[in-house]
Amino acid sequence: MEVLKEKVEEEEAAEREEAAERAERGEKTKRPTEVRREATTMTQEMLRDLERKLSEIEVSVPEKLLTFTKDTIDTSKLPLSYQSNTLKEEHLLQVADNFSCQYSHLCPDRVPLFLHPLNECEVPKFVSTTIRPTLMPYPELYNWDTCAQFVSDFLSMVPLPDPLKPTVKEEEKAPPKKYAIKPPRDLTSRFEQEQEVKRQEAIKAEEENRRKQEEARLLEQENAKTDPLHGLRVHSWVLVLSGKREVPESFFIDAFTAHSYSTQDDHFLGIESLWNHKNYWVNMQDCWNCCKELVFDLGDPVRWEYLLLGTDKPFLSLTEEEDEGMNDDDDVEKLGKEDEDKSFDMPPSWVEQIEISPEAFETRCPNGKKVIQYKRAKLEKWAPYLNNNGLVCRLTTYEDLECTKTLEVKEWYQNREDMLELKHINKITGLNVDYFKPGHPQALRMHSYKSMQPEMDRVMEFYETARVDGLIKREETPKTMTEYYQGRPDFLSYRHVNFGPRMKKLALNSAESNPRPMVKITERFFRNPAKPADEDVAERVFLIAEERIQLRYHCRSDHITANKREFLRRMEVDSKGNKIIMTPDMCISFEVEPMEHTKKLLYQYEAMMKLKNEEKLSRHQAWESELEVLEILKLREEEEEAHTLTISIYDTKRNEKSKEYREAMERVLHEEHLRQVEAQLDYLAPFLAQLPPGEKLTRWQAVRLKDECLNDFKQRLIDKANLIQARFEKETQELQKKQQWYQENQVTLTPEDEDLYLSYCSQAMFRIRILEQRLSRHKELAPLKYLALEEKLYKDPRLVELLKVFV
């Protein structure tokens with residue numbers, strides 16, 4: 001504005017000088033109309049001269065900072081500190097402007113400092129005064145990781161219109177049209193419409209081809225990792241300095257992701273400034289090597305230029321020479337006076353005290369839901385108990401940039417009664433993987449499957465400490481089942497079962513009534529230190545269809561091979577009923593060091609009989625495993641349909657049982673209070689007030705008081721019965737009117753009207769039944785209440801002596 005004023009004054013002075021020269025030459029002064037007429041015809045030189053003068057005028061337009069719209073925040077309800085500045089804050093803004101001018105003059109190649117943006121009320125506030133340290137009553141906010149996660153859930157990432165400046169440009173919106181013209185009738189022919197459809201399809205195919213080419217180009221650029229704005233983008237993050245609260249080294253926190261990064265990380269290319277609630281520092285160090293060589297000693301005025309000269313800045317380590325030079329008393333006194341004259345404390349924060357209710361702390365995200373869109377991915381978050389299935393987070397990854405082709409979905413759950421924690425769905429392969437926390441009824445840890453139908457490919461993992469059989473893992477295919485064990489007393493570690501086709505075609509889930517025939521069972525065992533290695537079975541195979549049993553023993557430490565045996569399990573009797581005797585050809589063995597007792601037929605016969613019993617046991621256990629799989633699948637289907645959530649007994653707002661018990665206790669206390677009030681009520685007080693004060697009652701007055709009190713109580717009982725009867729009749733009449741209205745308009749009623757009518761009838765019938773019950777109960781209790789009051793009056797200490805004659 002001063003530049004414009006100077007230009008105007010110069011032009012007026014030039015006009016006055018020109019008028020004086022004309023007067024000296026005797027030229028006649030022209031009238032204003034003539035001047036305006038000549039001014040309309042300007043030559044090219046005059047235009048160029050005017051353009052030159054206008055180009056010399058510099059007008060500085062302040063940048064408009066990001067502000068909140070008035071439709072999102074009601075600024076009238078904000079405190080006064082939001083709407084204005086104190087004298088100290090105004091002084092701070094002047095100091096900041098002076099500091100910014102000096103900084104721009106000394107560092108013209110650096111970006112302007114972010115010092116005092118506009119707040120919700122469009123009032124400039126210094127950035128340090130927007131911070132108010134607050135101690136919250138939630139233990140999760142005491143550590144940086146959980147606190148950062150809590151803050152990141154509240155924040156929503158919105159890209160800046162200009163990635164190089166923290167500003168926003170307002171777009172002018174077209175005013176809405178007040179009047180609208182009614183569209184004409186559609187007179188186009190079907191042939192033209194078909195031709196248009198074909199043309200649109202051709203255009204769509206061309207656009208699809210162009211889109212694929214664009215995706216290929218973007219993918220090539222992505223692989224090349226070229227960013228034209230690399231190192232110029234504006235971002236903000238949190239710096240945690242080492243020293244306090246047992247922080248060993250400084251690190252960064254990204255407030256939008258809650259992730260921590262080392263100061264040596266390549267993602268951070270430089271720092272313009274830092275601030276906290278006490279001061280503001282400008283980085284004066286060279287960031288040619290990103291932030292890897294930055295020294296975060298904020299008390300060093302060479303590396304960090306501070307705004308306010310105070311005593312709260314971090315300590316600067318001094319060398320021995322500097323420390324000796326500071327021992328001069330005069331210098332210390334002068335330095336103290338200089339600091340005392342120039343120091344300016346940061347004004348207190350203008351924001352309100354942070355208060356987070358338990359409901360808001362649990363809700364986290366605004367309205368309980370948050371969606372974050374990434375490149376080829378989308379992250380959705382929900383507050384606990386917001387979804388009735390316990391879903392709190394979902395991560396969806398896509399194949400294309402438009403996020404139309406889903407690759408996989410990950411869903412996280414909380415407070416599930418079935419202890420489901422994570423569900424991983426692969427849309428390409430169709431594989432689903434469910435992860436469970438400890439506490440599932442079947443001790444499930446993980447369930448991987450493509451279909452919930454039995455006898456399909458699946459993998460189940462279990463918490464072995466919660467199972468008595470020590471089962472860790474079970475793998476199932478249409479023809480096989482494999483189980484892994486740990487910690488069993490029989491040292492079983494592995495069981496593999498091969499199934500054959502069923503003889504009957506029944507339902508798949510008929511393992512109990514029609515089990516699959518077992519062809520082969522393979523079992524492996526851990527080493528049993530109580531037995532010799534050459535007698536400790538390492539693997540046994542039951543070839544059920546071939547009636548053979550194969551054994552392989554553990555290998556001794558001084559051997560390179562192990563003992564092996566194979567038994568031919570024949571029928572105990574032949575076709576004629578004769579008992580079959582054990583023969584040497586029924587046992588084929590390979591022994592590293594043969595022993596005499598193993599060659600005897602009795603030993604071989606006892607071993608074969610024992611193996612036959614163990615085969616029956618193994619087949620039974622495999623059959624039980626099939627039944628358990630069916631039971632787990634049925635249980636999982638019921639859990640997915642019900643998806644019941646667990647509620648803590650301390651959550652009084654969601655726990656219905658606790659709520660009902662609390663309400664019942666409150667009703668009991670309220671009824672007890674009413675009984676106490678009724679007991680303490682002086683029913684003779686209104687009638688005694690009619691007598692002169694201090695006068696002694698006579699027998700006649702006592703009888704009259706008793707009769708008046710009983711008559712009054714009797715009238716109140718009658719009035720109450722009449723009131724209930726009137727309400728009952730009113731509800732009945734309104735219901736009859738509604739039913740008559742329904743009969744008259746039944747044909748024209750919409751489904752919504754019928755639902756409203758049925759709802760009204762249900763509520764009206766409920767009210768009528770309640771009134772009927774109250775009236776019946778009142779009629780039953782009224783005589784009893786009358787007799788009880790009469791008995792109280794005869795026992796009242798004020799009337800008992802005078803009413804003895806009438807008892």
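Predicted model: local features only at pLDDT ≥ 70, side-chain atom pairs only at ≥ 80, totals over all residues.
Student: At what angle do H15 and H16 pack?
Tutor: Helix H15 (residues 699-744) and helix H16 (residues 751-795) pack at about 170 degrees, and their axes are 10 Å apart. Axes are lines fitted to C-alpha atoms, for helices over the stretch in contact, and angles run from 0 to 180 degrees between N-to-C directions. Helices (H or I, at least four residues) and strands (E, at least two) are DSSP runs, numbered from the N terminus.

Student: Which residues make up the contact of H15 with H16, by class?
Tutor: They divide into 22 nonpolar, four polar and 13 charged. Here Ala, Val, Leu, Ile, Met, Phe, Trp, Tyr, Cys and Pro count as nonpolar, Asp, Glu, Lys and Arg as charged, and the others, Gly among them, as polar.

Student: New topic: how many aromatic pairs are there?
Tutor: A search of the whole structure finds 16. Rings of Phe, Tyr and Trp (its six-membered ring) pair if their centres lie within 6.5 Å; planes under 30 degrees apart count as stacked, over 60 as edge-to-face and the rest as tilted.

Student: Why is the pair of Trp-144 and Phe-251 called tilted?
Tutor: The ring centres of Trp-144 and Phe-251 are 5.2 Å apart and their planes stand at 55 degrees, so the pair is tilted. Trp-144 is in helix H6 (residues 144-154) and Phe-251 in strand E2 (residues 251-253), 107 residues apart.

Student: Are those two buried or exposed?
Tutor: Trp-144 is partly exposed, at 38% relative accessible area, whereas Phe-251 is buried, at 14%. Buried means under 20% relative accessible area, exposed over 50%, and partly exposed in between (1.4 Å probe, protein chains only).

Student: And where is Asn-367?
Tutor: Asn-367 is in the loop between helix H10 (358-363) and strand E7 (369-374). Its phi is near 60 degrees, a positive value in a residue other than glycine, and at 79% relative accessibility Asn-367 counts as exposed.

Student: What about Ala-443: buried or exposed?
Tutor: Ala-443 is buried, with a relative accessible area of 7%. Ala-443 lies in the loop between strand E12 (432-436) and strand E13 (444-449).

Terms used:
Residues numbered from 1 in each chain as written. Heavy atoms only, no water.
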